[in-house]
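Subject: Structure handover

Hello,

Here is the structure for you to look over. My notes follow below it.

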Amino acid sequence: MPNKEYPYYFIKLGKLYYVNESCRNVKRKEISSYEFTNDELVAFPFDTQSIAKQTADECGGYIVVRNATFEDYISQ
């Protein structure tokens, strides 16, 4: 089954793709910042839809489903 395809998920915000989130505590308040790119090749792929959905809800984006073989996913 090396050619079997599996779903994975990106988060989009307009034309931008989610790359990373960082959290820090500032004066006892946790602040999150999100990093985005316009290049899907460097976007962060999620392998779990529920985690992608939760993160998308937090940053105001939406999820996009892609399918790829396991090797293609790893290279992403």
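A search of the whole structure turns up seven aromatic pairs. Keep in mind that this is a predicted model.

Start with Tyr-18 and Phe-36. Their ring centres are 6.1 Å apart and their planes stand at 80 degrees, so the pair is edge-to-face. Tyr-18 sits in strand β2 (residues 16-26) and Phe-36 in strand β3 (residues 29-37), so the pair ties together parts 18 residues apart in sequence. Phe-36 is partly exposed, with a relative accessible area of 22%; the cut-off for buried is under 20%.

Tyr-18 also pairs with Phe-44. Here the ring centres are 6.4 Å apart and the planes are again at 80 degrees, so this pair is edge-to-face. It links distant parts of the chain: Tyr-18 is in strand β2, while Phe-44 is in the loop between β3 and α1, 26 residues apart. Phe-44 is partly exposed, with a relative accessible area of 38%. Tyr-18, Phe-36 and Phe-44 belong to one aromatic cluster, together with Tyr-34 and Phe-46.

Now the cores. The largest nonpolar core has seven residues: Tyr-9, Ile-11, Tyr-18, Phe-46, Ala-52, Ala-56 and Cys-59. Both β1 (5-13) and α1 (49-59) supply at least two residues of this core. With three residues, α1 gives the most. There is a second, separate core of six residues, which includes Tyr-8, Phe-10, Tyr-17 and Ala-68.

What does Tyr-18 touch, leaving out residues up to four places away in sequence? The list is Ile-11, Tyr-34, Glu-35, Phe-36, Ala-43, Phe-44, Phe-46 and Thr-55.

Next, the helix α1. Its buried residues are Ala-52, Thr-55, Ala-56 and Cys-59. Seen down the axis of α1, they fall within an arc of 105 degrees, so they line one face of the helix. The background is simple: an α-helix has 3.6 residues a turn, so residues three or four places apart point the same way. Gly-60 follows α1 and has a positive phi, near 85 degrees.

Last, the overall picture. The protein chain has two helices and four strands, in the order β-β-β-α-β-α from the N terminus. Of its 76 residues, 25% are buried. Among contacts between residues at least 6 apart in sequence, 63% join residues at least 24 apart. The chain exposes about 5,600 Å², and carbon and sulfur atoms supply 50% of that.

Best wishes

How values were computed
Residues numbered from 1 in each chain as written. Predicted model: local features only at pLDDT ≥ 70, side-chain atom pairs only at ≥ 80, totals over all residues. Heavy atoms only, no water. Buried < 20%, exposed > 50% of the residue type's maximum accessible area, 1.4 Å probe, protein only. Contact = heavy atoms within 4.5 Å. Areas by Shrake-Rupley, 256 points an atom, 1.4 Å probe, with all protein chains shown as cover. Core = buried A, V, L, I, M, F, W, Y, C linked by side-chain atoms within 4.5 Å. Arc of directions from axis to C-beta. Phe/Tyr/Trp six-rings, centres within 6.5 Å; stacked < 30°, edge-to-face > 60°.
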